[in-house]
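Colleague: I am new to this structure and would like to go through a few of its parts. Could you show it to me before I ask anything?

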Amino acid sequence: MFNTKKQIEYWRDGALDDLTTAKILIQSRRFLHGLFFCHLVIEKALKANVVNISNDFAPRSHNLFYLSEMANLEIDDDVQVFMGILMKFQLQGRYPDYNPAIPDNEKLNEYLFKTEELLQWLLKKL
């Protein structure tokens, strides 16, 4: 039997754990892997919102735009741009021949901050 509350907790807790991992990876100078985990943070938080809206399992998709649509979230232009940036880094973990340029330290810190900020906004929507 489907348990909405447990599914939401699963995705929420995974997002929070992955944020910790992203921070550790970036601090350890494992930048591409850290940004891959930033994508996972947002993906899992979006999936929690999809479950919350649909009372069904989250789709097996990594596309942040698709997931935000399924969750009926109104995403502003700045967040859409940021999600597009994160989408570039989710491919690296899945396809080893895809290697996007590593941003400078200022951008890395900005992306990590924006990941935390977007995660908090998504969790408030639950």
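Modeller: Here it is; bear in mind that this is a predicted model. A place to begin is the pair α1 and α2, which pack at an angle of about 165° with their axes 8 Å apart.

Colleague: Is α1 roughly parallel or roughly antiparallel to α2?

Modeller: The angle between α1 and α2 is about 165°. Angles over 145 degrees count as roughly antiparallel. α1 is therefore, relative to α2, roughly antiparallel.

Colleague: What is the hand of the crossing of α1 and α2?

Modeller: The two axes are 8 Å apart where these helices pack. The crossing of α1 and α2 is left-handed.

Colleague: Which residue is joined to T4 by a polar contact between side chains?

Modeller: T4 is found in helix α1. Leaving aside residues up to four places away in sequence, T4 touches V51 and N55. The polar contact, at 3.2 Å, joins the side chain of T4 to that of N55.

Colleague: Does L16 count as buried, partly exposed or exposed?

Modeller: L16 is also placed in helix α1, which covers residues 4–27. Beyond residues up to four places away in sequence, L16 touches L119 and L123. Buried means under 20% relative accessible area and exposed means over 50%. L16 has 33% relative accessibility, so L16 counts as partly exposed.

Colleague: How far apart in space are L16 and A45, C-alpha to C-alpha?

Modeller: In sequence, L16 and A45 are 29 residues apart. In space, their C-alpha atoms are separated by 8.7 Å.

Colleague: Where does A71 lie, and is A71 buried or exposed?

Modeller: A71 lies in the loop between α3 (64–70) and α4 (77–90).

Colleague: Which residue caps the N-terminal end of α4?

Modeller: α4 spans residues 77–90. A side-chain oxygen lies 3.1 Å from the backbone nitrogen of D78.

Colleague: What does α4 pack against through its buried residues?

Modeller: α4 has 14 residues and reaches 20 Å from its first C-alpha to its last, close to the 20 Å expected. Its buried residues are F82, M83, I85, L86, M87, F89 and Q90. These buried residues of α4 pack against α2 (31–54), α3 and α5 (105–124).

Conventions: Residues are numbered from 1 along each chain as its sequence is written. This is a predicted model: local features need pLDDT of at least 70, side-chain atom pairs count only at pLDDT 80 or more; totals for chains, interfaces and linings use all residues. Side-chain values use heavy atoms; hydrogens and water are left out. Helices (H or I, at least four residues) and strands (E, at least two) are DSSP runs, numbered from the N terminus. Buried means under 20% relative accessible area, exposed over 50%, partly exposed in between (1.4 Å probe, protein chains only). Contact means heavy atoms within 4.5 Å. The expected span of a helix is 1.5 Å times one less than its number of residues. A polar contact is a pair of N or O atoms within 3.5 Å; within protein, one must be able to donate a hydrogen and the other to accept it, and residues adjacent in sequence count only if both atoms are side-chain atoms. Axes are lines fitted to C-alpha atoms, for helices over the stretch in contact, and angles run from 0 to 180 degrees between N-to-C directions. Angles under 35 degrees count as roughly parallel, over 145 as roughly antiparallel, 65 to 115 as roughly perpendicular and the rest as oblique. A crossing is left-handed if the near helix is turned anticlockwise from the far one by less than a right angle, and right-handed if clockwise.
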